[in-house]
Amino acid sequence: MGNRGNGTAIKPPDPPVVVFFTMHEGKYAFLHFELTDRVFVDPERCYCRPNSKKPCRIAIVVTKDKTIDLRRFYAAQESGRGLYTWDLARFRIPRHPQYKDVEVVKKVEYLTLEFDSVEEKDEFRTELRSLETVRNLDNQMCRNIITEKRNKDRKPAKR
């Protein structure tokens, strides 16, 4: 018989996701990506750079990696059936019947988002910052738990 030990598996939290409902090539489409700590809006890449006095309606989503992991699904266009295809669970659940219909878009280096107004762009940036805050707090809490477990495991057991 060998020694038995107690162990705890700590999995990092899943990052928040961003889902856009948009038009792509004349079709309604969902775009889905994870808001990892390597994905962000780069204010230097659009027309409203900090040193410019003219605001714009464009936001550029970039990554510190080579590409953004982007998934896309086209919603059915027919009225009647169309609403039934707008199921966002297909992006996250591999057992979902339509998971196989989600397209993984390769080699996406950035996303250019054009809003109807500067106010809508600002609202998007505010919401994205909120998601980033949640992500950062989740990651920090996970790191704290791991550190606490390591410190506890290093202490000699009392006899």
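Reader: Is F30 buried or exposed?
Author: F30 is buried, at 7% relative accessibility; buried means under 20% relative accessible area, exposed over 50%, and partly exposed in between, with a 1.4 Å probe and protein chains only. This is a predicted model, where local features need pLDDT of at least 70, side-chain atom pairs count only at pLDDT 80 or more, and totals for chains, interfaces and linings use all residues. Residues are numbered from 1 along each chain as its sequence is written, and side-chain values use heavy atoms, with hydrogens and water left out.

Reader: How many aromatic pairs are there?
Author: Six aromatic pairs. Rings of Phe, Tyr and Trp (its six-membered ring) pair if their centres lie within 6.5 Å; planes under 30 degrees apart count as stacked, over 60 as edge-to-face and the rest as tilted.

Reader: What do F21 and Y28 form?
Author: A stacked pair, 5.5 Å centre to centre with 15 degrees between the planes. F21 is partly exposed at 40% relative accessible area, and Y28 is also partly exposed, at 35%.

Reader: And why is the pair of F21 and F30 tilted?
Author: Because their planes are at 45 degrees, with the ring centres 5.1 Å apart.

Reader: Which rings link into a cluster?
Author: F20, F33, F115 and F124, through ring pairs.

Reader: Switching to charges. What sits over the ring of Y110?
Author: The charged end of R45, 5.0 Å from the ring centre. The criterion is NZ of Lys or CZ of Arg within 6 Å of the ring centre and within 35 degrees of the ring normal. R90 lies over the face of F73, at 3.8 Å from the ring centre.

Reader: Now the helix. How many residues has α1?
Author: Helix α1 covers residues 118-154, which is 37 residues. Helices (H or I, at least four residues) and strands (E, at least two) are DSSP runs, numbered from the N terminus. From first C-alpha to last, α1 reaches 53 Å, close to the 54 Å expected; the expected span is 1.5 Å times one less than the number of residues.

Reader: Which residues of α1 are buried?
Author: K121, F124, R125, L128, E132, R135 and C142. The buried residues of α1 pack against β1 (17-24), β3 (39-41), β4 (58-63) and β7 (110-114), with contact meaning heavy atoms within 4.5 Å.
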